[in-house]
Amino acid sequence: MEKRVVFRSTWLPYALIAPQIAITIIFFFWPALQAGWYSFLLQDAFGLKTEFVWFRNFTDLLRDSHYLTSFKVTALFSLLVAGVGIAVSLLLAAMADRVIRGALAYKTLLIWPYAVAPAVAGVLWLFLFAPSVGIVAWALKRAGYDWNWVINADQAMFMVVGAAVWKQISYNFLFFLAGLQSVPKSLVEAAAIDGAGPGRRFWTIVLPLLSPTTFFLLVVNIVYAFFDTFGVIDATTEGGPGQATQILVYKVYYDGVKAADLGSSSAQSVILMAIVIALTVVQFRFIERKVQY
């Protein structure tokens, strides 16, 4: 029989959800409304004078070559973080699912990076790949590879993508491992009896059954790449060299905090929010059709 909780008081359910509603309004809806309002304003550097300029901030952004460059950088960065992160996590989860001896220790070590803050992950990779003192940079130079991300845009992008992927791998790993463990073993064993090899069994049976998990992680990782990687960028390259790693969320911070251009920064945050919402809708509208539940 299905058990249901019946509230005898009419106000108790509302009181229980009131803290979450208050947090959502204060920390999400109110800042979003403020950003929307400020995006129509033009302020001086000291915030003493404001002028309502309608859509001028948005039109100026679309003419700004630096902002358009951030679009390209963000697109490349998000694709790499989401694609590499999901692929590596799936590989590690498949390997962990096959481990028998020491499986608990292996899985625990893979989960640990999720407890590290993005800024801390960025600092760790910064020290590892520092051109002068980094142990990985030293090994690369000993191998004959000239490593210096300070002046090489491709190397800087590789470093921030690596740090962002390493930070998110544990999250993806947990969901993939849970998905792999929920796959009926009878289906895999039946395919093995029919002569299907390990690769064919994984591609034709396991992977389709993991499509709901993969779709969920795709949405989560895209949002993560657009927003939560700010700490990684700020702690490592600060958008450099040049604008090679200046993603949209970091440019919002740079223009609003460092350049004191609140109107442009607010307009950028509105555009960024609209992009993420549009991407999420597109993923649910088109990609979800291929998901097998």
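A residue counts as buried when its relative accessible area is under 20%. Leucine 248 has a relative accessible area of 3% and is therefore buried. These values come from a predicted model.

Leucine 248 belongs to helix α12, which covers residues 248-258. Apart from neighbours within four places in sequence, leucine 248 contacts Tyr67, Ser70, Phe71, Thr74, Leu272 and Ile275. The C-alpha atom of leucine 248 is separated by 23 Å from that of aspartate 44, a residue 204 places away along the chain.

Valine 270 sits in helix α13 (residues 262-285). With a relative accessible area of 22%, valine 270 is partly exposed. Its contacts beyond four places in sequence are Ala35, Gly36, Ser39 and Phe58. Although valine 270 and serine 39 are 231 residues apart along the chain, their C-alpha atoms are separated by 7.6 Å.

The structure contains 18 aromatic pairs. Two of them are listed here.

| Pair | Centre to centre | Angle between planes | Class |
|---|---|---|---|
| Tyrosine 67 and phenylalanine 71 | 5.1 Å | 85 degrees | edge-to-face |
| Phenylalanine 129 and tryptophan 147 | 5.2 Å | 50 degrees | tilted |

Tyrosine 67 and phenylalanine 71 are four residues apart in helix α3 (residues 65-98), so about one helical turn separates them. Tyrosine 67 is buried, at 0% relative accessible area, whereas phenylalanine 71 is partly exposed, at 28%.

The other pair joins distant parts of the chain, 18 residues apart: phenylalanine 129 is in the loop between α5 and α6, and tryptophan 147 is in the loop between α6 and α7. Phenylalanine 129 and tryptophan 147 are both buried.

Ring pairs also connect Trp37, Phe40, Phe52, Trp54, Phe55 and Phe58 into a cluster.

Conventions: Residues are numbered from 1 along each chain as its sequence is written. This is a predicted model: local features need pLDDT of at least 70, side-chain atom pairs count only at pLDDT 80 or more; totals for chains, interfaces and linings use all residues. Side-chain values use heavy atoms; hydrogens and water are left out. Helices (H or I, at least four residues) and strands (E, at least two) are DSSP runs, numbered from the N terminus. Buried means under 20% relative accessible area, exposed over 50%, partly exposed in between (1.4 Å probe, protein chains only). Contact means heavy atoms within 4.5 Å. Rings of Phe, Tyr and Trp (its six-membered ring) pair if their centres lie within 6.5 Å; planes under 30 degrees apart count as stacked, over 60 as edge-to-face and the rest as tilted.
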